[in-house]
Amino acid sequence: MLAVRGIDNYYGKLHVLRALTIEVGRESVGLFGPNGAGKTTLINAIMGLARPARGEIVFEGRSLLGLAPHQIAHLGIALVPQERELFPLMAVKGNLESGAAHIPAAREKMKSTMEFVFELFPILKQRLGQPAGTLSGGEQRMLAIGRALMANPKLIILDEPSLGLQPSVVTHLFGTLKEIKQKASILLAEQNVRQSLKAIDRGYVLENGEIALEGDAASLAGNEHVKRSYLGL
Amino acid sequence: MAFPLYAGVYLQHTATIILTYLCLALSWDMLVRTGQISFGVAGFFGIGAYSAALTALNLKLDPLLSIAVGGLAAMAAALVLGLTTLQLRGMYFAITTLALTEIFRVIVRNLPGLTGGPEGTVLPSAIFDGDPTKTYWLLLAIALVTIAISEAFQRTRVYFAITSIRHDEMVARSSGLDIFKYAVFVFAVTSAIQGIVGASFAQQYAFVSPEGTFDIDFTLLPIAMCLLGGMHSTLGPIIGALVLGSVAEYLKLQLPYGHLLVYGAVITLVILLMPQGVAGKMKEQFVREQ
């Protein structure tokens with residue numbers, strides 16, 4: 001579905017991604033690594049927000065390089081950015097609708113997609129008329145994911161959804177990823193490796209802009225390096 | 001709205017001025033909703049005014065038709081400016097629009113053959129032969145159309161577009177929005193309104209001049225009105241224009257130039273006490289009571 005092949009990204013002279021290659025099929029894939037490893041840069045490259053100097057990014061047989069972010073969104077990739085990035089004064093309903101309003105294919109299915117979002121996060125239905133800024137941290141994160149789902153994406157990219165949330169909320173949030181996977185492939189960038197490994201099929205460990213490790217969830221969980229550096233065992 | 005039928009000429013004229021500023025304030029606010037601050041209102045106002053006056057004078061165009069030409073000219077100028085500068089938004093855009101008014105003032109002043117130069121140009125007659133009632137209806141119609149456009153921007157998916165551009169461009173892009181296209185679109189529409197208002201102003205007074213037409217007041221007063229009334233809504237600028245417009249007119253009679261003091265005081269107090277403006281305060285109160 002999505003193939004990133006040998007991309008190099010720079011910020012000025014800083015070499016952030018080095019010949020990076022990952023692939024996401026019809027599955028959920030984790031992307032792990034410490035701060036500054038290049039997770040967000042990779043996501044920005046996929047989304048068209050940062051331009052790789054070399055390499056190629058292909059989504060369903062189409063090269064994404066040179067496309068503007070909104071064109072990439074129209075092809076069916078949705079992003080839940082790091083931090084919540086909602087419209088705080090807009091009601092929950094408006095925030096959800098804004099996810100679908102400018103993607104023609106999603107606009108037609110707005111009603112049914114919203115029902116799906118309510119099944120995932122019933123609390124949002126109760127909060128429908130409330131300004132998004134008045135929701136709790138966990139609810140806001142659910143809303144951010146809901147808004148991305150409203151675009152009816154084929155691939156949804158989540159950039160550190162667990163950031164700043166209490167553990168019980170993280171467990172609930174990651175539990176819903178299995179249901180989201182019924183609808184769309186998932187690329188999950190996370191530092192919370194322990195929780196993520198329960199939610200994904202396969203993962204990559206990114207260190208200093210390179211893939212240090214890759215494997216399915218079980219083999220990553222059993223890997224010595226992952227245990228020592230990421231699980232604190 | 002129908003009060004001019006009973007009011008005297010003076011009140012009709014005052015109402016016409018308030019409606020003029022109401023349109024400018026509302027159109028300025030419509031662009032602010034995308035996060036772009038324009039200091040070029042007087043510029044588009046002046047472009048509209050001069051285009052209308054010159055086409056009416058030289059091409060013998062019907063006054064109403066010349067007002068439409070004024071709107072188109074302002075829109076064309078906004079398109080050229082927007083297509084070149086709206087790739088860089090925010091501060092860069094604001095500074096460009098700040099220069100716009102000055103540039104056009106200088107151009108107009110230095111083309112005496114076409115524009116009458118520093119002395120300006122006088123039209124043989126004001127629109128509707130100077131009938132203040134008809135002029136009032138004209139401005140009321142323009143104001144209603146402006147309000148309708150503003151509401152359309154608030155109620156259709158344009159609303160999601162402009163709101164997400166203002167809040168977070170990254171979210172806007174990754175929700176499938178072509179930011180540049182929308183910013184240029186809103187800029188062109190709001191500038192066209194300012195051009196039409198300027199054109200009606202020129203037709204109403206049958207006179208255009210570099211200093212009077214490209215007057216910085218046409219930029220600053222609408223901004224003050226939006227600050228007072230509250231930004232990011234249709235109601236806010238309307239309230240601001242009605243309040244500040246009436247107060248200013250009253251004070252002009254009581255103490256010459258005193259209205260300028262009041263503008264300053266009002267803006268300072270509003271920013272200190274209710275930064276969200278009157279409409280914002282009302283909305284907050286409403287939400288609290290629910």
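**Exercise 1. Confidence in chain B**

Task: In this predicted model, which helix of chain B has the lowest confidence, and which the highest?

Solution. 
- Step 1. Helix H14 (residues 277-289) of chain B has the lowest confidence, with a mean pLDDT of 72.
- Step 2. Helix H9 (residues 179-205) of chain B has the highest, at 95.
- Step 3. Chain B has a mean pLDDT of 88. In chain B, 96% of the residues reach 70 or more.

**Exercise 2. The build of chain B**

Solution. 
- Step 1. Count the elements. Chain B holds 14 helices and 2 strands.
- Step 2. Compare with the globule rule. The radius of gyration of chain B is 19 Å, close to the 19 Å that the rule gives for 290 residues, so chain B is as compact as a globular protein of that length.
- Step 3. Look at the extents. The C-alpha trace of chain B spans about 55 × 45 × 30 Å along its principal axes.
- Step 4. Check burial. In chain B, 51% of the 290 residues count as buried.
- Step 5. Check contact range. Among contacts in chain B with a separation of 6 or more, 77% are between residues 24 or more positions apart.

**Exercise 3. Strand S1 of chain A and its partners**

Task: Which strand of chain A is joined to S1(A) by 7 bridges, and which by 5 bridges?

Solution. 
- Step 1. Start with the 7 bridges. They link strand S1 (residues 2-11) of chain A to strand S2 (residues 14-24) of chain A, and the two run antiparallel. One of the pairs is Ala3(A) with Glu23(A).
- Step 2. Inspect the turn. The hairpin of S1(A) and S2(A) has 2 residues between the strands, and Gly12(A) takes a positive phi near 60°.
- Step 3. Move to the 5 bridges. They link S1(A) to strand S4 (residues 54-59) of chain A, again antiparallel. Here Leu2(A) has Phe59(A) as its bridge partner.

**Exercise 4. The six-stranded sheet**

Task: In what order do the 6 strands of the open sheet in chain A stand, and why is one side of S6 and of S10 left without a neighbour?

Solution. 
- Step 1. Read the order. It is S6-S7-S8-S3-S9-S10 (chain A), with mixed pairing.
- Step 2. Find the edges. Strand S6 (77-80) and strand S10 (210-216) of chain A each have a single partner strand, so one side of each lacks a neighbour in the sheet.
- Step 3. Examine one pairing. Strand S3 (residues 28-32) and strand S9 (residues 202-207) of chain A run parallel and share 4 bridges. Leu31(A) stands opposite Tyr204(A) in S9(A).
- Step 4. Helix H7 (residues 137-150) of chain A lies across S6 and strand S7 (155-159) of chain A, at about 170° to S6(A).

**Exercise 5. Helix H1 of chain A**

Task: How many residues of H1(A) are buried?

Solution. 
- Step 1. Count. In helix H1 (residues 39-47) of chain A, 8 of the 9 residues are buried.
- Step 2. Name some. Among them are Leu42(A), Ile43(A), Ile46(A) and Met47(A). Lys39(A) is also buried.

Note on methods:
Residues numbered from 1 in each chain as written. Chains lettered and ligands numbered in written order. Predicted model: local features only at pLDDT ≥ 70, side-chain atom pairs only at ≥ 80, totals over all residues. Pairing = 2+ DSSP bridges. pLDDT = per-residue confidence, 0-100. Contact = placed C-beta atoms within 7 Å. Axes fitted to C-alpha atoms, helices over the stretch in contact; angles between N-to-C directions. Rg over C-alpha atoms; globule rule 2.2 N^0.38 Å. Buried ≥ 20, exposed ≤ 12 C-beta atoms within 10 Å, placed from the backbone.
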